[in-house]
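Please look at the sequence and the structure below. The paragraphs that follow go through a few places in turn.

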Amino acid sequence: MLTPSPLLHTQLRRAGVAYVVIILVGMSSEMMFRAAALSSSEMSQTVSALRASTLLDCVMIGADIYVALTFYAVFRAVDPQKALFAMVLRLTQGAVIAGSLMLQLCAIHAPDQAAWLMAAQADGYDLGLLFFALNTALMAQLLCHSGLLSPMTKRVLPPLLMASALIYGVNSTLALLGSNFAETLAPSYAIPLVSESFFALWLLLSRHNQAVEALR
């Protein structure tokens with residue numbers, strides 16, 4: 001079991017800050033700027049929106065890398081193999097998303113081709129989410145066995161994360177297969193939004209004073 005330490009608390013709180021950045025920046029990039037780029041009839045506005053979206057995505061990827069490395073540093077004491085796999089899967093997701101940003105850069109330089117380039121980029125995001133689905137499932141298991149969660153939180157957070165993993169995996173697979181059913185299931189992404197927000201708030205606000213193994 002882990003024992004509380006100032007280092008543990010600081011690591012998790014900083015990861016919580018990074019997690020909030022991921023959520024807010026990622027949603028802003030997608031819902032504000034990419035959506036505006038696709039709906040705009042003015043090429044100059046499309047380009048400006050895509051540039052802003054690209055910068056926000058870079059911030060999101062950087063925060064994701066920080067979270068991946070921090071979670072490995074913390075949870076390797078719970079299960080070294082699962083923690084390593086979780087880190088690799090999260091970093092792989094970041095690499096796939098970063099690669100798909102090249103399509104967005106192409107759209108900036110060829111705004112008249114933005115529609116199909118951004119559609120291809122969306123497939124890149126769905127591909128990245130397949131890796132993130134596996135990461136999320138592993139994180140749910142690591143949290144369950146970490147000793148960090150209070151009894152009430154343990155009954156809520158890990159099941160929410162497992163449900164999110166299922167939604168990410170199913171929805172992304174359907175989207176990559178070109179199934180129209182993926183659009184029907186789009187509202188189910190509200191569950192991952194709730195679970196990820198809950199996770200971020202727990203990292204930020206919990207005192208993490210349950211039994212945990214000292215970080216070395």
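This is a predicted model. Is Ser195 buried or exposed? The relative accessible area of Ser195 is 0%, and buried means under 20%, so Ser195 counts as buried. Not counting residues up to four places away in sequence, Ser195 touches Leu157, Leu160, Leu161 and Ser164. The side chain of Ser195 also reaches a backbone atom: the oxygen of Pro192, at 3.0 Å.

The next topic is the nonpolar interior. In soluble globular proteins, nonpolar side chains tend to be buried together. The largest nonpolar core in this model has 38 residues, and those that touch the most other members are Tyr19, Phe71, Phe75, Leu143 and Phe199. Two or more residues of this core come from each of α1 (6-39), α2 (43-75), α3 (80-109), α4 (114-144), α5 (151-176) and α7 (190-205). Helix α4 gives the most to this core, with nine residues.

Leaving out residues up to four places away in sequence, Tyr19 touches Val67, Phe71, Arg90, Phe132, Glu196, Phe199, Ala200 and Leu203. Another core lies apart from the largest one; this other core has nine residues, including Ala37, Val47, Ala49 and Ala107.

Now turn to helix α3. How far apart should the ends of its 30 residues be? At 1.5 Å a residue, α3 should span 44 Å, and its end C-alpha atoms are 44 Å apart, so the two values agree. At the start of α3, a side-chain oxygen of Asp79 comes to within 3.2 Å of the backbone nitrogen of Gln81.

Leu103 also has its place in α3. With a relative accessible area of 25%, Leu103 is partly exposed; the value is not under 20%, so Leu103 does not count as buried. Apart from neighbours within four places in sequence, Leu103 is in contact with Leu117, Ala120 and Gln121. Met139 is 36 residues from Leu103 in sequence, and their C-alpha atoms are 30 Å apart in space.

The last topic is the open space in the model. The largest pocket has a volume of about 1,000 Å³. Its lining consists of 30 residues, of which Gly26, Met27, Glu30, Tyr125 and Leu129 are the closest to its centre. The elements that give two or more residues to this lining are α1, α2, α3, α4 and α7. Which element gives the most to the lining of the largest pocket? That element is α1, with 10 residues.

Notes: Residues numbered from 1 in each chain as written. Predicted model: local features only at pLDDT ≥ 70, side-chain atom pairs only at ≥ 80, totals over all residues. Heavy atoms only, no water. Core = buried A, V, L, I, M, F, W, Y, C linked by side-chain atoms within 4.5 Å. Buried < 20%, exposed > 50% of the residue type's maximum accessible area, 1.4 Å probe, protein only. Helix = DSSP H or I, 4+ residues; strand = E, 2+ residues; numbered from the N terminus. Contact = heavy atoms within 4.5 Å. Polar contact = N/O pair within 3.5 Å; in protein donor to acceptor, adjacent residues only side chain to side chain. Expected span 1.5 Å × (residues − 1). 1 Å grid on protein atoms, 1.4 Å probe; cavity = no way out; pocket = protein on both sides within 12 Å on 5 of 7 lines; lining within 4 Å. Points joined across faces, edges and corners; volume = space filled by probe spheres on them.
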